[in-house]
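Subject: Structure for your review

Dear colleague,

Please find below the structure I promised to hand over. The notes that follow it concern salt bridges and strand pairing.

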Amino acid sequence: MTGSAATHTGTGDAGGVATGGVAAGTGAGGVVADPRAGVGPGGTGTTAADLGFDPADPAFVTDPYPVFRRLRDHGPVIPLPDRQLFLLTRFPDVHAALRDRRLGRDYHHRYTDEEFGRAGEDPRWPRWAASERWSLLNLEPPDHTRLRRLVTKVFTARSVQALRPRIEELARHHLSRALAGGGDFDLIADYAQPYSVQVICTLLGVPVADGPRLLDWSHAIVKMYELATPEPLQQAAERAGGEFIDYVTDLIAQRRAHPQDDLVTELVQVSDEGQRLSQDEIVCTVIVLLNAGHEATVNTLGNGLRALLMHPDQWRRLTSGEVDPLVAVEELIRWDPPLQMFERWVLDDGVEFGGRTFRVGERIGMLFGSANRDPDRFHEPDRFDVGRGDATHIGFGGGLHFCIGAPLARLELEVSLRRLRELDDLRLAREPQYHPHFVIRGLTGLHVKTDRTVPTEEGTAT
């Protein structure tokens, strides 16, 4: 049974754990692949950068969607040579790549670093690598199959739905606190973050008082997922990974000695055909559930409320009851998703997407944000339509790595929209700004105003 540090979307080329791609484009068989090679029938040497794809450009990060349109118009597969990466731009190819077993988030279960022309783990960041080693996001079968089967025995749709009354209570509580200082507040810092962190803490059995520390660790760790991560941020991620491991290790020891009615206890106790989760597997599972359990929800809520408030007609459709929050959630995820790109390695020769045949050792970047704006899949894709209700978007991934927390995320978002729509006069207080990162997309804040008072326990606002 093997495990390896994640070959992430980006621990950056500035010395990250997984730097660059296949060295000089060298595949496992030693065949050199030119990342500028034709990308399809009649392909040209045009690269993604030539078409405006520049994650270091603040203008691109603020609004990448016009560039995505140019990428789709140019072709289904566009090379990004600086990352030795091929970008998939259209919905059918992204959808297929997510489900193709000939691709993998990791390759160590089949190949060595030498065969893939890679240096392996960066020895400077061992604790961060350890925090990711058994993450469901990065494992491949058979480890992924075994680990996910054990986790899903306790993290079920039924257990999530059982949390609805508590989640509704937390939404009411945190919105009341956000409004307590008046009608001008930051919807992300004052509501979305504390609400989402308390939800996942409640599920796992983590003390709510530790929420701020968990937030700091999570924010530091996910910076390693970007296309380029400066060394100071990598050092912060290393510290966060180590502290997070120590914290969860102590929590597991407490639950072994004194079991509670929570998910951490269940992860400690779960078994299937005699198999149990190892200590390291439980640690990584708790970390990924804590990280993914609030990062995506907070960013979806922030991005989605920005979209709603910038489209007053769509906000009115929600507040009037014309569109149910359960329906609206899907458009929030589709229109401006919190995860913009997901990478996978080619593990077998003969893989084909968009008319291009890939070789072992090449790497593919699936552009979720571009796929969700594909006009051949979605009618008028650039139009924000809160009543669209199309749940087949690519927002939670797909295939083996379909988001295990999707039911919880949808529930948290739905409950939040039901509570927030009571503030029917909610409006932007200032222009929101995005974090200067591409892969994990979210706002630095969302300052809003309302003339409504604190919602009552019965759920009405005055």
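R418 and E414 are four residues apart in helix α16, a separation of about one helical turn; helices here are DSSP runs of H or I with at least four residues, strands are runs of E with at least two, and both are numbered from the N terminus. Their side chains meet in a salt bridge with an N to O distance of 2.9 Å, the term meaning that a side-chain nitrogen of Lys or Arg lies within 4 Å of a carboxyl oxygen of Asp or Glu. The model is a predicted one, in which local features need pLDDT of at least 70 and side-chain atom pairs count only at pLDDT 80 or more, while totals for chains, interfaces and linings use all residues. Residues are numbered from 1 along each chain as its sequence is written, and side-chain values use heavy atoms, with hydrogens and water left out.

E414 also forms a salt bridge with R164, where the closest N and O atoms are 2.9 Å apart. Because R164 belongs to helix α7 (residues 164-179) and E414 to helix α16 (residues 406-420), this pair ties together parts that are 250 residues apart in sequence. With a relative accessibility of 5%, E414 counts as buried (under 20% relative accessible area; exposed is over 50% and partly exposed in between, with a 1.4 Å probe and protein chains only). R164, at 22%, counts as partly exposed, and R418, at 27%, is likewise classed as partly exposed. A network of salt bridges links R164, E168, D324, E414 and R418.

A further salt bridge joins R317 and D385, with 2.8 Å between the closest N and O atoms. R317 is in helix α13 (residues 312-319), whereas D385 is in the loop between α15 (368-371) and α16, so the contact ties together parts that are 68 residues apart in sequence. D385 has a relative accessibility of 12% and therefore counts as buried. The count of salt bridges comes to 32.

Turning to the strands, three of them form an open sheet in the order β4-β12-β11, with antiparallel pairing. β4 (184-186) and β11 (427-428) stand at the edges with a single partner strand each, so one side of each is left without a neighbour in the sheet. Two strands are taken to pair if DSSP finds at least two bridges between them; β4 and β12 (residues 447-449) pair in the antiparallel sense over three bridges. Within this pairing, D186 stands opposite H447 in β12.

Yours sincerely
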